[in-house]
There are 2 protein chains.
Amino acid sequence: MTNWWESIGVTWSSDTGVVEERRVDRSGWAPVGRPAAVLFPRDADEVARVLRGATSARTVVVPRGAGTALTGATTAGEGALVLDLSRMDRIVAIDPDDGTAVVEPGVITADLDRAAGKLGLRYAPDPASFEISTIGGNIATNAGGLRCAKYGVTRDAVLGLEVVLASGERIRTGRSTLKGVSGYDLTGLIVGSEGTLGVVVEATLRLRPLPLSTTTLAATFDDIALAAAAAVALTASGVQPAMAELLDAATLRAIGTRPDAGALLIVQTDAAGEELVAEKVLAETARTVEVSRDPTALLAARRQALPAIERLGRPLIEDIAVPRSRLAEAVRAVERIAARHGVPIFTLSHAADGNLHPIIVADPAATTIPPEVQRAADDIFTLALDLGGTLTGEHGIGTLKRAWLAREIGPVSHDLQRRIKALFDPDNILNPGKAI
Amino acid sequence: MTNWWESIGVTWSSDTGVVEERRVDRSGWAPVGRPAAVLFPRDADEVARVLRGATSARTVVVPRGAGTALTGATTAGEGALVLDLSRMDRIVAIDPDDGTAVVEPGVITADLDRAAGKLGLRYAPDPASFEISTIGGNIATNAGGLRCAKYGVTRDAVLGLEVVLASGERIRTGRSTLKGVSGYDLTGLIVGSEGTLGVVVEATLRLRPLPLSTTTLAATFDDIALAAAAAVALTASGVQPAMAELLDAATLRAIGTRPDAGALLIVQTDAAGEELVAEKVLAETARTVEVSRDPTALLAARRQALPAIERLGRPLIEDIAVPRSRLAEAVRAVERIAARHGVPIFTLSHAADGNLHPIIVADPAATTIPPEVQRAADDIFTLALDLGGTLTGEHGIGTLKRAWLAREIGPVSHDLQRRIKALFDPDNILNPGKAI
């Protein structure tokens, strides 16, 4: 028997290699069963055809970019169709005068940033995976990154979207202009919804000028609490860091840089008058402060952190955010959680946002999440909520944190979100079981 | 017979003076009929009691801050209850280390900014009415302002909300942290929804450090097209204006400043290296350029513009936004619209955002919108859509632009928005007939 998607003129494959590679994300978690096929649409019409067919046949569709989600957001189980959008990878337009770009969802984040760079602009959000992640995936998860401290996360860079709904109907949300308030904010609703409300087939994005003058400062501290306090002190002094990355001692030892330091704080400033103030504030409590106009060397440690940790085992990357003033407290508590459960935890932090990535490292041979790792992760979630924070600063809920979501947002809000899902996708074909 | 709201323990009034003052906004437009009463809740519990009662009795509720909306968004007709939130005006907390404020909806925008200023911070969004507008009203309309060019509109400053739904149930949306992606973005959905989805009873807002060093430049041009082009050229040179305000010749003559200039462009920069670049770029096409570290004098012209125009007649303030590169074209077209319909139009613009306020001035004796004024407004809306722009950059749809909304967003999106409204407010008691 022929499956319905074989006759709609969209490229597909059910080869085991093709399917296996596209049924998981980087969470290391996979649902049971085998997806039916992977579809490779070339344009919005093909996406619409797939969704119309899926609605008729009640087939589950799991949209996918590069699969760099860390939360199980783009994992596909038995009988599902994977909708691989990576071949819709055209940069349709970049308009430097308007400060906008129009792109298809499969465009690689760093490719857009480089294309904008040739025109003196940049696409600010830079998740750690930006060399391989897609804009569509960034939109699905509302991705953050290092450069989001001052200029915002993916949501802040998305002006408008073209979306195919589960019914196959197409809508445009938002607008092409830098400002606009016509009707409800469907753009914001789609961003971060992990492909559960519709499939983004085009995005109009905001680009910003490359800063004329950036200063990078790298400060070592005896102690991570001092470093976290210094990040807060910067703001109190009027500095608005364009970046503030904190690495703990365990991470520094894993990388092999400043191995005797208690913590490293890397700060970038781009506003007038900030450079000297930032240096002065950091010098008050730091062991050493280096200042450079060329960020490459000072940022190298941060870019090496994840690869270095990955060499030590299988990382479960957590993503809590806390009120900025409680960052030091959170970091200390994570250290206690590591000791209590006997698991190694490395902590990176976007310090200006209060966003922490405690990375729990498990035995590389483990095929499921070991119980002590899960208990440590659960304690980290509890910690985030106890400190007035959130389960996820920039990675999203996916499947791994769904059990915790209702505790954070409450039952009335959770119910409302489920009803919004049902309104957009009454047959529950779009990435069911994710995000909410 | 006693009305239901008289016995729920919430202060109310049906005095004609009290009601008449609170049934209109600054659009100058009023629905027919007389609202039943004005209610003055003191806290979230009282708001919940009102909405529960209104849902039971199917009474229309029109939430209201200071009534500075320009679109008919907070106008109340026959039998409606006006929910005046101006007495819920506590600044609950400002935390400089976290960079956040928690406020009730009735807090005056400028009061919050001043309170933050004492701690070296600011609340960035500054609509023209910020000395009298409330944060709740700003949230309802997603208000913009002069300082939004670089640091964003109200949506960008709102981290989380406490909202009373039509049912009287309360939800918290968003979070207290600077970043977070737990579940769908209900915060974004509420912001700009003009009180049609719920009543905001508390907001957690992002504050930013006051810039350490700001430079203000005021440049006159022979011609407004040259000024608009200069605003675009600034971005092309790598300058990201913190503010870029454009005033046309008619406005300058109304104020009585630089009356022989063709246009005035006021620019603020705060990033390292921008000051000299900005001066150089402006000097290339400007007639004169003044530079100052003290913005007060140079900004005075902009702050005087609206009062000066109001002295000439009754202003209908439009609010289109276009792609930034088409600003000059839009301004020229507005001049032709003024000539065609024989109405005076004064144009102010947040030039960095491509947001124009063509202000059509009508006879002060007119009690309804004169037909030639309406025709000019309609032509301005058509112009915005023809240029790839939007009906409203920062004021919202209200009632005045509802007839145009479907043309901008399309029938499928419009229908989806109506169904979201029905999901939040099945009995259609919350500010019906507004926003969508």
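In the contact between the two chains, chain B contributes 86 residues and chain A contributes 86 residues. The structure is a predicted model, and every value given here was computed from it. Together, chain B and chain A bury about 6,700 Å², of which 59% lies on carbon and sulfur atoms. Three residues stand out on the chain B side: Lys179(B), Val181(B) and Tyr184(B) provide 15% of the area that chain B buries against chain A, more than any other three residues.

The element of chain B that gives the most to its side of the contact is helix H15 (residues 411-424), with nine residues. Sorted by class, the side of chain B that touches chain A comprises 35 nonpolar, 30 polar and 21 charged residues. Four salt bridges are counted between chain B and chain A. A salt bridge between the two chains joins the side chains of Asp353(B) and Lys179(A), with an N to O distance of 3.4 Å.

Over all chains, the structure holds 62 salt bridges. Within chain A, the side chains of Asp270(A) and Lys150(A) form a salt bridge at 2.7 Å, N to O. Asp270(A) is located in the loop between strand E14 (263-269) and helix H10 (274-285) of chain A, and Lys150(A) in helix H5 (residues 148-151) of chain A, so this pair ties together parts that are 120 residues apart in sequence. Asp270(A) and Lys150(A) are both buried.

A further salt bridge of chain A pairs Asp185(A) with Arg155(A), whose closest N and O atoms are 3.1 Å apart. Because Asp185(A) lies in the loop between strand E9 (170-174) and helix H7 (186-190) of chain A and Arg155(A) in helix H6 (residues 154-157) of chain A, the pair ties together parts that are 30 residues apart in sequence. Asp185(A) has a relative accessible area of 14% and is therefore buried. Arg155(A) also counts as buried, at 14% relative accessibility.

Chain B has a salt bridge between Arg22(B) and Asp84(B), with the closest N and O atoms 2.7 Å apart. This pair links distant parts of the chain, 62 residues apart: Arg22(B) is in the loop between helix H1 (16-21) and strand E2 (37-40) of chain B, and Asp84(B) is in strand E4 (residues 81-84) of chain B. Both Arg22(B) and Asp84(B) are buried. In chain A, salt bridges that share partners join Asp45(A), Glu162(A), Arg170(A), Arg172(A) and Glu202(A) into one network.

Two further residues of chain B may be examined individually. Asp126(B) is found in the loop between strand E7 (121-122) and helix H4 (135-141) of chain B. Asp126(B) has a relative accessible area of 1%, so it is buried. Its side chain reaches the backbone nitrogen of Leu146(B) at 2.8 Å and the backbone nitrogen of Arg147(B) at 2.8 Å. Beyond four places in sequence, Asp126(B) touches Gly144(B), Gly145(B), Leu146(B), Arg147(B) and Arg303(B).

Arg49(B) is situated in helix H2 (residues 44-57) of chain B. With a relative accessibility of 31%, Arg49(B) counts as partly exposed. Apart from neighbours within four places in sequence, Arg49(B) is in contact with Trp4(B), Ile8(B), Gly9(B) and Val10(B).

Conventions: Residues numbered from 1 in each chain as written. Chains lettered and ligands numbered in written order. Predicted model: local features only at pLDDT ≥ 70, side-chain atom pairs only at ≥ 80, totals over all residues. Heavy atoms only, no water. Helix = DSSP H or I, 4+ residues; strand = E, 2+ residues; numbered from the N terminus. Buried < 20%, exposed > 50% of the residue type's maximum accessible area, 1.4 Å probe, protein only. Polar contact = N/O pair within 3.5 Å; in protein donor to acceptor, adjacent residues only side chain to side chain. Contact = heavy atoms within 4.5 Å. Buried area = accessible area lost by both parts, 1.4 Å probe. Nonpolar A, V, L, I, M, F, W, Y, C, P; charged D, E, K, R; others polar.
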